[in-house]
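Dear colleague,

Please find below the structure that I am handing over to you. My notes on the sheets, the helices packed on them, and the pockets and cavity follow it.

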Amino acid sequence: MYKVLSLVKGLSKEVVDDFQQLHIDEKGAMTREELLRIIDNYDGIIADDAIQYDYGVFSQAKKLKVLTRFGVGVDNVNIGDAKKFNVKITNVPGENAESVAEHTIGMMVAASKNFATLDKKIKAGEWSRTEALGFELANKTLGQIGFGNIGKLVAQKCKVAFNMNILVYDPFVPHYEVNNLVYGKKCSFDYVIANSDFISINLPATKETKNMFTIKEFRKMKKNVVIVNTGRGEVIVEEDLAEALRNREIFAAGLDVLRKEPPDKDNPLLKEERVILTPHSASFTPEAQSRVLRAALEDQMRVFEGKEPFFAINK
């Protein structure tokens with residue numbers, strides 16, 4: 001029997017029971033120091049994104065054969081260091097896309113309709129049907145930044161549900177794919193942000209994408225634009241976003257991700273009325289978590305059996 005350490009809590013018992021060859025130790029979130037004290041007992045790890053997995057971790061993991069990120073992003077894993085110790089790194093792309101896409105569109109609706117502001121006013125005893133008015137999504141333009149599994153679903157749903165015009169920025173996706181999937185148009189980054197009523201950001205944190213959205217970019221946008229980020233917090237300079245909102249240079253924002261999670265108390269976005277925040281929870285639905293877990297454990301079993309995993313990051 002192989003021992004697997006899970007730093008993710010709330011694993012589906014139904015899924016776990018299908019993998020009788022594995023002993024899964026569901027510890028949940030822990031510090032790096034706590035992990036280092038026990039890591040040499042495990043053949044596999046199901047990792048969250050809170051700990052940096054680098055030389056210091058892998059050098060202590062004498063038995064470790066595979067580490068699976070419970071999701072898509074592997075920016076907290078040093079792939080080169082893992083390779084030095086023959087540890088396979090896998091992730092689970094696509095399985096949480098439906099939940100994240102729905103969350104993204106929910107934020108678009110809530111932000112454009114001022115739901116949070118109106119809810120707060122009513123609970124404070126204010127009742128005005130003509131204050132903090134919102135606007136429709138129908139027939140507006142969506143600027144989709146990143147056209148991977150999640151970005152494609154967001155664009156498809158916006159096209160079908162709201163008949164939105166779709167503009168896409170993604171240097172790795174061919175024009176025909178954008179046109180075939182959503183009757184959309186692949187454009188330059190500057191064109192997309194200048195011509196969109198809604199901007200959905202679904203990008204990993206890379207050298208190219210970090211600090212992609214600064215005050216310079218916000219000032220190129222329409223005054224009524226709604227920005228939603230369910231990708232990575234590092235893509236947006238938060239002080240600049242707060243400034244743009246405060247000066248009414250953009251209309252509203254919905255963020256499921258922040259540069260630091262949880263945020264510091266002095267994060268300027270916490271004071272902005274037209275920001276809706278959720279705690280990096282877009283993928284945390286029972287349906288998505290079950291699919292992600294099954295795919296993660298299937299790949300771990302493949303590694304234990306000497307097979308190549310389906311979603312290997314390091315070959």
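Helix α11 (residues 238–246) lies across β10 (226–229), β11 and β12, running at about 145° to β11. Helices (H or I, at least four residues) and strands (E, at least two) are DSSP runs, numbered from the N terminus. Axes are lines fitted to C-alpha atoms, for helices over the stretch in contact, and angles run from 0 to 180 degrees between N-to-C directions; contact means heavy atoms within 4.5 Å.

This is a predicted model, in which local features need pLDDT of at least 70 and side-chain atom pairs count only at pLDDT 80 or more, while totals for chains, interfaces and linings use all residues. Residues are numbered from 1 along each chain as its sequence is written, and side-chain values use heavy atoms, with hydrogens and water left out.

The buried residues of α11 are Glu238, Asp240, Leu241, Ala242, Ala244 and Leu245, where buried means under 20% relative accessible area, exposed over 50%, and partly exposed in between (1.4 Å probe, protein chains only). These buried residues pack against α10 (215–218), β10, β11 and β12. Just after α11, arginine 248 takes a positive phi of about 60°.

The sheet to which β10, β11 and β12 belong is open and has seven strands in the order β8-β7-β6-β9-β10-β11-β12, with parallel pairing. Two strands pair if DSSP finds at least two bridges between them. The edge strands are β8 (185–186) and β12 (275–277), each of which pairs on one side only.

Strand β9 pairs with both β6 and β10. Four bridges join β6 to β9 in parallel, and leucine 142 stands opposite phenylalanine 198 in β9. Four bridges also link β9 and β10 in the parallel sense, with serine 200 opposite valine 228 in β10. In a regular strand the side chains alternate between the two faces of the sheet. In β9, Phe198 and Ser200 point one way and Ile199 and Ile201 the other way, and all are buried.

**The five-stranded sheet**

A further open sheet is formed by five strands in the order β2-β1-β3-β4-β5, with parallel pairing. Strands β2 (22–26) and β5 (88–90) stand at the edges with a single partner strand each, so one side of each is left without a neighbour in the sheet. The twist averages 20° from one strand to the next. Strand β4 (residues 66–69) and β5 pair in the parallel sense over three bridges; the bridge partner of valine 66 in β5 is lysine 88.

**Pockets and cavity**

On a 1 Å grid over the protein atoms alone, a cavity is a set of points where a 1.4 Å probe fits but cannot get out, and a pocket is an open set with protein on both sides within 12 Å along at least five of seven lines; lining residues have an atom within 4 Å of a point. Grid points are joined across faces, edges and corners, and a volume is the space filled by probe spheres set on the points.

The largest pocket holds about 1200 Å³ of space. Of its 49 lining residues, the closest to the centre are Val72, Gly73, Leu203, Gly231 and Arg232. Helices α7 (149–162) and α12 (286–304) each supply at least two residues of this lining, and α7 gives the most, with three. The lining divides into 23 nonpolar, 17 polar and nine charged residues. Here Ala, Val, Leu, Ile, Met, Phe, Trp, Tyr, Cys and Pro count as nonpolar, Asp, Glu, Lys and Arg as charged, and the others, Gly among them, as polar.

The second largest pocket has a volume of about 530 Å³. Its lining has 23 residues, of which Asp49, Leu258, Arg259, Glu261 and His280 lie nearest the centre; the division is eight nonpolar, six polar and nine charged.

One cavity of 30 Å³ or more is counted, and the largest cavity has a volume of about 60 Å³. Helices α5 (97–112) and α6 (115–123) and strands β11 and β12 each supply at least two lining residues, and α6 gives the most, with three.

With kind regards
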